[in-house]
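Here is a short report on a protein model.

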Amino acid sequence: MYIPVTFDGGIQRNEAIEIKVRNFKDLNLQERHIEEFLRKNINLLFGDNETLLVVGQQVRNASNGISDLTAIDADGNIVLIEIKRDVQDIKARKEPFEFQAIRYAASYAKISTPESLVELVYSSYIEIHKDEYELGDLTPSEKARRELNKFLSSNDALKTFNKKQRIILIASSFDEQTLSAVAWLISNGVDVLCLNITPVFIGEQGFLSIDKILPPAQLDDFYVSLAGVGSPIEGDIISTASAFNRTWLPRMDKLFEWELIKAGDSIEIKDFESSEAIMIDPTLVRFKGEEISYNSWGKKVTGWSSINIYEWAVLSSTKRTLHELRKEKMAELEAKASQSEQVQNEDVG
């Protein structure tokens, strides 16, 4: 996945485009620069598939260890995010990358209530970044309590708060020992994710290449439904049931093409008042007189660091989420493909 990708004017035939893979050191970027970028743009790591609320940065535990970023996911799990520039920085540490993260995650396992997370982590985070919040008469602690409760309640995650802890390791390159250890942890039920992020330049434009290294994709992630023999159904839609949570789900441009939504339609964020926006095109909405992206609109309404806009955006005319609309369309296409295959089989018979 590349973030962002824009080509002004498009690419002309026979036009030479120079693509350079760079590294953070060459760009004079330190780990703190990467951490700050991810803190403000955590949703870029996961696109539609993950909703995270960042609640902590540089949190110090009882043993004086300092973790990079702390977040909550839509299931109420505490997510520890550790960042290194590259394999050299990983090897330069006395303590293994993955072991460092495990120690931090273990300290979070003791947090049993949302109130404890507010007191120990989130209130301090809002205090540090209070210029990013509209506090009004609220203290950072009160604001943190409200934001966390709203996030957990909206995701129906109050009862599942911190049932487990997740670990996300991020670097532009990993050493074999780290990957071997993480693979072993995953095989033994520990929720660990390794993401490779790399600066890439196409011409003069810089962006990030984001690739999941571990856990590996399953074979059925790559299977595509067939309409008859050798002919993919519209949109190359994934046929497996689990695919509704994966990257290959149809995006906004496909929903417009299918005419499930159109320019001028009104949408809202479910469970949030005064959230109405007007769709302009597959990339922008108009919200309170401002033209912004769908994700920016969702984050502005909720105050969250990241949001799965398909799960939370509701078409005002039908009161159905964008995800429900696309899932119904996919089921319809699947049924048509199945009927077509049945007819062909009967003809062959």
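**Overall picture.** This is a predicted model. The protein has 349 residues, and 45% of them are buried. Its secondary structure consists of 10 helices and 14 strands. Take the contacts between residues at least 6 apart in sequence: 60% of them join residues at least 24 apart. The accessible surface is about 18700 Å². Carbon and sulfur atoms account for 49% of that surface.

**Backbone geometry.** Most residues other than glycine have a negative phi, and most peptide bonds are trans.

Leu 214 and Pro 215 are joined by a cis bond, with omega near -5 degrees. Pro 215 lies in the loop that runs from strand S8 (205-214) to helix H7 (252-257).

The other two concern phi. Asp 271 is not a glycine, yet its phi is positive. The case of Lys 319 reads likewise: not a glycine, but with a positive phi. The table sets out the values.

| Residue | Phi | Loop between | Relative accessibility |
|---|---|---|---|
| Asp 271 | about 75 degrees | strand S9 (266-269) and strand S10 (277-279) | 63% |
| Lys 319 | about 60 degrees | strand S13 (313-315) and strand S14 (320-321) | 55% |

Are these residues buried or exposed? Asp 271 counts as exposed because its relative accessibility is 63%, and the cut-off is over 50%. Lys 319 has 55%, so it also counts as exposed.

Definitions and conventions: Residues are numbered from 1 along each chain as its sequence is written. This is a predicted model: local features need pLDDT of at least 70, side-chain atom pairs count only at pLDDT 80 or more; totals for chains, interfaces and linings use all residues. Side-chain values use heavy atoms; hydrogens and water are left out. Helices (H or I, at least four residues) and strands (E, at least two) are DSSP runs, numbered from the N terminus. Buried means under 20% relative accessible area, exposed over 50%, partly exposed in between (1.4 Å probe, protein chains only). Contact means heavy atoms within 4.5 Å. Accessible areas come from the Shrake-Rupley method with a 1.4 Å probe; for residues, only the protein chains shown count as cover.
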